[in-house]
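Good morning, colleagues. Please turn to the structure on the screen, and I will take you through it.

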Amino acid sequence: MRELVVQVSFALYAALTLGGAVWAVTAKSLVRALLGLTLSLMGVAALYVLIAAPLVALMQILIYVGAVVVLIFFAIMLTRAQAEQEEAGARDAGRTLRAGAAGLVVAGLLAAACLRHGPKIAGTAVEVPPSDIGAAFLGPYVLGFEVISVVLFAAMAGAVVLAFERRKPR
Amino acid sequence: MSPLLLYQLVAFGLLAVGLFGLLSRSSLVGMLISVELMLNGAGLSIVAAGQLTPMPHELGQAAALFVMGLAAAESTLVLAIVYVVRKRFGSAASDAVSELRG
């Protein structure tokens, strides 16, 4: 019974993830594409819960759905990309075909390698307490932890410098 | 099929869809959405590999959190770049940025 519930919910979440992703890349309006991205992110968060990683799932919702999606929405509104209707007209069939072939070839090669030479071991997912993750961050991986805060600061400072409107001298 | 393999296949699906979107979209914001999809696939693959194999579980989760932080930094910068491109070229399409064309 429990096995069946897990399998059905995995199928549901995987369908949500991939369906949202397909919607995100095929929708004509960029706002709808963003909605598809949100669906896909939520599906991935549910998949995280399914393998006993609730902290990562919460962070996924907090960072991606809470921050990144809002940032992309700002980008859409700032550039008024939807009003330009640039996604609607320029649908080149050859371009779509080439893009699909590229995506399928790369992912298909990786999937074939994974199917043939993937590890046969199957561990069971055990939930680790958040304090263990915190100990990993502040113990052996403290350098990466500090560097990522520098990266975030540099990205934000760079964004401000790029978008800063300099007053023209008269 | 083992659960690890199923998770990796979902991650490869996200990679394929994101790559397709990156190459077929013509606006910079659409390309950014596709890049976020691919980064998500990477995070899913990392966490699945950490949780479903006998390696220390907290390493996979910590690596996924790193990926999320990098994705946030990347989207902040891309937002600023898209804004500047829109201001300078009058459009946020990737074809508009072609000043070097002879």
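I shall speak about confidence, then the helices, then the nonpolar cores, and finally the aromatic pairs.

Let me begin with confidence, since this is a predicted model. For the complex, the predictor gives an ipTM of 0.91 and a pTM of 0.89. Chain A has a mean pLDDT of 87, with 91% of its residues at 70 or more. For chain B the mean pLDDT is 89, and 99% of its residues reach 70 or more. Within chain A, the element with the highest mean pLDDT is α2(A), at 94, while helix α5, residues 86–89, has the lowest, at 51. Where pLDDT is low, the predicted coordinates should not be read in detail.

As to the overall layout of chain A, it is divided into domain 1, residues 1–84, and domain 2, residues 129–170. The centres of these two domains of chain A, taken over C-alpha atoms, are separated by 24 Å.

I turn now to the helices. Helix α1 of chain A covers residues 2–26; at 1.5 Å a residue, its 25 residues should span 36 Å, and because its end C-alpha atoms are 36 Å apart, the model agrees with that expectation. Which residues of α1(A) are buried? They are Ser9(A), Phe10(A), Ala14(A), Thr17(A), Gly20(A), Ala21(A), Ala24(A) and Val25(A). These buried residues pack against α2 of chain A, and also against α1 and α2 of chain B.

The helix α1(B) has 22 residues and reaches 32 Å from its first C-alpha to its last, close to the 32 Å expected at 1.5 Å a residue. Of those 22 residues, 17 are buried, and therefore α1(B) is largely enclosed by the rest of the structure.

Next, the nonpolar cores. The largest nonpolar core holds 55 residues, and the members that touch the most others are Leu37(A), Tyr48(A), Ile72(A), Tyr7(B) and Leu37(B). At least two residues of this core are supplied by each of α1, α2, α3 and α7 of chain A, and by each of α1, α2 and α3 of chain B. Leaving aside residues up to four places away in sequence, Tyr48(A) touches Ala53(A), Val56(A), Ala57(A) and Gln60(A), together with Asn40(B), Gly43(B), Leu44(B), Val47(B) and Met68(B).

Finally, the aromatic pairs. How many does the structure hold over all chains? There are three. In one of them, the ring centres of Phe10(A) and Tyr7(B) are 5.2 Å apart and the planes stand at 50°, so the pair is tilted. This pair crosses between chains, from helix α1 of chain A to helix α1 of chain B. Phe10(A) counts as buried because its relative accessibility is 13%, and Tyr7(B) is buried with a relative accessible area of 3%.

Another pair is formed by Phe137(A) and Phe66(B), which is edge-to-face, with 5.4 Å from centre to centre and 80° between the planes. Since Phe137(A) lies in helix α7 of chain A and Phe66(B) in helix α3 of chain B, this pair likewise joins two chains. At 10% relative accessibility, Phe137(A) counts as buried. Phe137(A) and Phe66(B) form one aromatic cluster together with Phe145(A).

Thank you for your attention.

Terms used:
Residues numbered from 1 in each chain as written. Chains lettered and ligands numbered in written order. Predicted model: local features only at pLDDT ≥ 70, side-chain atom pairs only at ≥ 80, totals over all residues. Heavy atoms only, no water. Helix = DSSP H or I, 4+ residues; strand = E, 2+ residues; numbered from the N terminus. Expected span 1.5 Å × (residues − 1). Buried < 20%, exposed > 50% of the residue type's maximum accessible area, 1.4 Å probe, protein only. Contact = heavy atoms within 4.5 Å. pLDDT = per-residue confidence, 0-100. Core = buried A, V, L, I, M, F, W, Y, C linked by side-chain atoms within 4.5 Å. Phe/Tyr/Trp six-rings, centres within 6.5 Å; stacked < 30°, edge-to-face > 60°. Domains from an automatic or database assignment.
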